[in-house]
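Visitor: I would like to go through this protein model step by step. Please show it first.

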Amino acid sequence: MKRIVLLVALLILAVDGRSLAQLIFSSLPFPTANANFFKPAKSPYYALLPCFDSEKIDFCKPLVDQSPRAVKSLLSMTLSKQIGSNNNWTTSHMTNIDCANYFCFDKLSTANFTSRILSNEIFRIEFSFLFNHCMFCNSNSSITFRNLVENGSCNSFPFVPNNWYQLGSSHCQGKPMSVPVMNVTSSESLNYRDFHFAVLDAHLFEPLSIYSGALTKSISKLDNNLDTISRFFNTLYNNTVFGVGGAPMFCHCASSNTFAFKCYDSNHNFFLPLKFNASPLLFLALFLIVTIVYTIVIIVPKLYVIIGTLLKLKTFKKDVNFYFTTKFKHPCLSFTKAILLLTIGDIKVHVIFWAYLFNIFLILTEIFSYARNYYSAINIFFIDDVGGSLRAIGMLFLLLAYGTMVIHWQHTMDLFNANTTKANLSKINTIILIVFYVFVAIALLAGIIGSAITKDTFVIFGIFSALYIIIGLVFSVAFTILGVRILLKMKKTSKSIAQLKLTKSIMLLNICNLVVVIIAVLSLPTYLIGFDIYTIEMGLIRSTVYDLWLLSVSIVSFYVLFTPFEFGFVYGKKAADLSQFLLNCEYCGNTTKNTDESSSSAKDYNSSKKKDNIEKIKHAEMTPRTSVSTITSEANNAPTEEGTNHTNKQESLSTPEENTENVSPPVELQDYDAAKQ
């Protein structure tokens, strides 16, 4: 029987030349909350990804019959806070739906159509809701309207329903309906889940989008009498304007029962789920792991050294002698100065502090980014891009960490040149540090004041981004020049492998930071003009690329700041040796093959010189890879045996941790754990 009905319908279509196909539903729920807030500014593609728990507005039910949560969701997601807070936002057309009167007979309903849809939020909701209701639902009002349009009795409406169905099918699937749907009565409503079709939504016509821009151009020289609904549809839904598949409409995708701008394209299947679902969860897990390891391996040992020095433990005797001055007779003053020197006066503590805050804010960034997949989270914060703002703050802390890292490296070079392991910052480094902090503080204050005045986080977001780009670029270029000069000098003077490694690791950090700066420069136009300025796909993966390189910077910073010796104070010498074994390449390749030769070279050194060198290492504040530079510079002048490889000799004397397998440990290191007690 169904086949006979289908055949009759096809014959009618062939003879009449006009399809009577209609998609008529008894219910048509549409999700109101969208995880993506970015408006398409350059590309005719509105990236739609409904939230997991989005409230749904049913186009086939009058608003008065729908749940309060659904109506509230429609308000909060579509209207501004000022309008949404009022109770008189509804119109008579929305409470008493009369499709024929609205679209066919009452000319005032759609008068000055384009101007109103651009400037009036409530009118956008009204038009979108009524259009979908009258085009798809089985109410008496919508059936009457469709009959009038089909019979040519509604001249003000620009097309018959079947034209919209075919346009929507072409848009959503990339091809028109192959077989038209039967003309059915209200008692034979279809299930919306089984069809591809397109609906309108008020978000599509918001200001600053590519669609509102096209409308603005179309009415700039129009008489108000010509600003009709026909003009609106001819402007936006003509394939010559945005091309096939670029018109402003959202698709229902039958197979998955989801809504998207286009069904099952690369954005729907990959880029949108990657940005809003997979990427935040992946990087949240990675940044959590890095932060936990960072706390255990770097912060805890550093705090142990600071507290142990303040408590004047025997293990830190030389540190106590350095930090506790005899200048002040009162012990409180001496203790206060020691605290200041061990915290604010230690440039490495600055780096650790800012790097830790950087990781914390990246974790918050991923949490808020993923929270946008839930209606309740969006409704609470109602900020376009909380995650992006937090990432900007995190990058500010990265800037502070990187800037202090460069100063820390310069301080290390000063220690190397002075042939010592402890000293306060030089005057020039202190001045650079103070100027750096003052400049950042001024920019931060300007951003906070600007955001408070404009009530828009974009101001502070933009200032943070510009600050990172400017200072990050200056530091990257300056440090690249300095680092290359240091590397060339080291190679000419045959300095230790450990020292070369430290310099190379800092250079690697510099490269990672430079890449982030370049990404920030390229991304800046996307914030000023539109996220889709380089294509929708590039806009969607922007944050993922950011997070990937920010994670790289975090890992390299962790490597540079890690100190096996401080780590050993807390977790034991074996743990320190193991960490040194895993992180340092002295145990890789040819070095391990020359163990016997390195050991025989080491035995020829004077024992007192060895003890003195080891003592310096034990109390050095810089990383072992840094403190080695001082020790090796002294060791290079020691006599060598004939036929002994000089490079291997330098490696054998780098640090006790680096050569625990190659050189028999002296008494001081054999009693390592006992000294800790």
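Visitor: How many helices and strands are in the protein?
Guide: The model discussed here is predicted. Its chain has 677 residues, of which 54% are buried. Among contacts between residues at least 6 apart in sequence, 75% join residues at least 24 apart. The elements in the protein number 31 helices and five strands.

Visitor: How are α7 and α8 oriented to each other?
Guide: Helix α7 covers residues 121-136 and helix α8 residues 140-150, and their axes come within 7 Å. The axes cross at roughly 75°, and angles of 65 to 115 degrees count as roughly perpendicular. The two helices, α7 and α8, are therefore roughly perpendicular.

Visitor: Which residues in α8 are met by residues in α7?
Guide: The residues of this contact divide into four nonpolar, two polar and one charged. From α7 come His133, Cys134, Met135 and Phe136. Their partners in α8 are Ser142, Phe145 and Arg146.

Visitor: Which residues lie nearest the centre of the second largest pocket?
Guide: This pocket has a volume of about 310 Å³, and 17 residues line it. Two or more lining residues come from each of β1 (29-31), β5 (258-260) and α13 (266-310). Nearest the centre of the pocket lie Pro50, Cys51, Asn257, Thr258 and Phe259.

Visitor: What is the lining of the second largest pocket by class?
Guide: The lining is counted over 17 residues. By class, these are nine nonpolar, seven polar and one charged.

Methods: Residues are numbered from 1 along each chain as its sequence is written. This is a predicted model: local features need pLDDT of at least 70, side-chain atom pairs count only at pLDDT 80 or more; totals for chains, interfaces and linings use all residues. Side-chain values use heavy atoms; hydrogens and water are left out. Axes are lines fitted to C-alpha atoms, for helices over the stretch in contact, and angles run from 0 to 180 degrees between N-to-C directions. Helices (H or I, at least four residues) and strands (E, at least two) are DSSP runs, numbered from the N terminus. Angles under 35 degrees count as roughly parallel, over 145 as roughly antiparallel, 65 to 115 as roughly perpendicular and the rest as oblique. Contact means heavy atoms within 4.5 Å. Ala, Val, Leu, Ile, Met, Phe, Trp, Tyr, Cys and Pro count as nonpolar, Asp, Glu, Lys and Arg as charged, and the others, Gly among them, as polar. On a 1 Å grid over the protein atoms alone, a cavity is a set of points where a 1.4 Å probe fits but cannot get out, and a pocket is an open set with protein on both sides within 12 Å along at least five of seven lines; lining residues have an atom within 4 Å of a point. Grid points are joined across faces, edges and corners, and a volume is the space filled by probe spheres set on the points. Buried means under 20% relative accessible area, exposed over 50%, partly exposed in between (1.4 Å probe, protein chains only).
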